[in-house]
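Here is a walk through one protein model. Begin with its pocket, then turn to its charged pairs.

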Amino acid sequence: LSPPDTAKLDFTHINITLNNQNYTDEYVKFYYFNPPKIMDATPLMGPVKGGTEVNLWGTKFEKNKNITCSFGGKVVHAKFITKSHLVCVAPVVQEPGDVKLTVKYENDRFQSDVLTYTYFDSPEITATPSPGCGPTRGYTQFVLHGKNFVEFGFGTAKCIFNGTIQMNATVLDRTK
């Protein structure tokens, strides 16, 4: 038996007995270790087209190991930031829904605890805002029409102006 490719391994010796009195003279080493553990990730949602950078926080992340993230079985390589921080980019999937998100070393059988990552259809704007203009001082409420609008919680839906200014948005239904 060879140990898993993981640093700082501990081991124990294993013998065998068939009568609880006599044991084999030979023994083998059994190696054990703590697989990486994820405790939190943000964001835990992204579009089906993939590309969302997911920050994962946990323990036992090792820089020189091939750490991978699995999004419902689709495996991507993780970017090591620190021993407690990784970044993985969510892959493309065919349809919206929840998938299991786990982390493991590439060649190990054991993985981290499971988090749930939610894929959604990308929102689309299908008409100009109503009203279509407002004063430069701001504070104009308007309605956008489109499809695939989903509210995942307070402060998650936002309107972005000129690519920089973000304002909270309220999703009234999936179309506005």
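The largest pocket has a volume of about 1400 Å³. Of its 43 lining residues, L144, K158, C159, M167 and A169 are the closest to the centre. A pocket here is an open set of points on a 1 Å grid over the protein atoms alone, where a 1.4 Å probe fits, with protein on both sides within 12 Å along at least five of seven lines; lining residues have an atom within 4 Å of a point. The volume is the space filled by probe spheres set on the points.

This is a predicted model: local features need pLDDT of at least 70, side-chain atom pairs count only at pLDDT 80 or more, and totals for chains, interfaces and linings use all residues. Residues are numbered from 1 along each chain as its sequence is written, and side-chain values use heavy atoms, without hydrogens or water.

Which strand gives the most to the lining of the largest pocket? It is β14, with four residues. Strands β4 (45–47), β14 (158–161) and β15 (165–168) each supply at least two. Strands are DSSP runs (E, at least two residues), numbered from the N terminus.

Now the charges. Two salt bridges are present (a side-chain nitrogen of Lys or Arg within 4 Å of a carboxyl oxygen of Asp or Glu). K37 pairs with D113, with the closest N and O atoms 2.8 Å apart. K37 sits in strand β3, D113 in the loop between β10 and β11, 76 residues apart. K147 forms a salt bridge with E124, at 4.0 Å between the closest N and O atoms. This pair joins strand β13 to strand β12, 23 residues apart.
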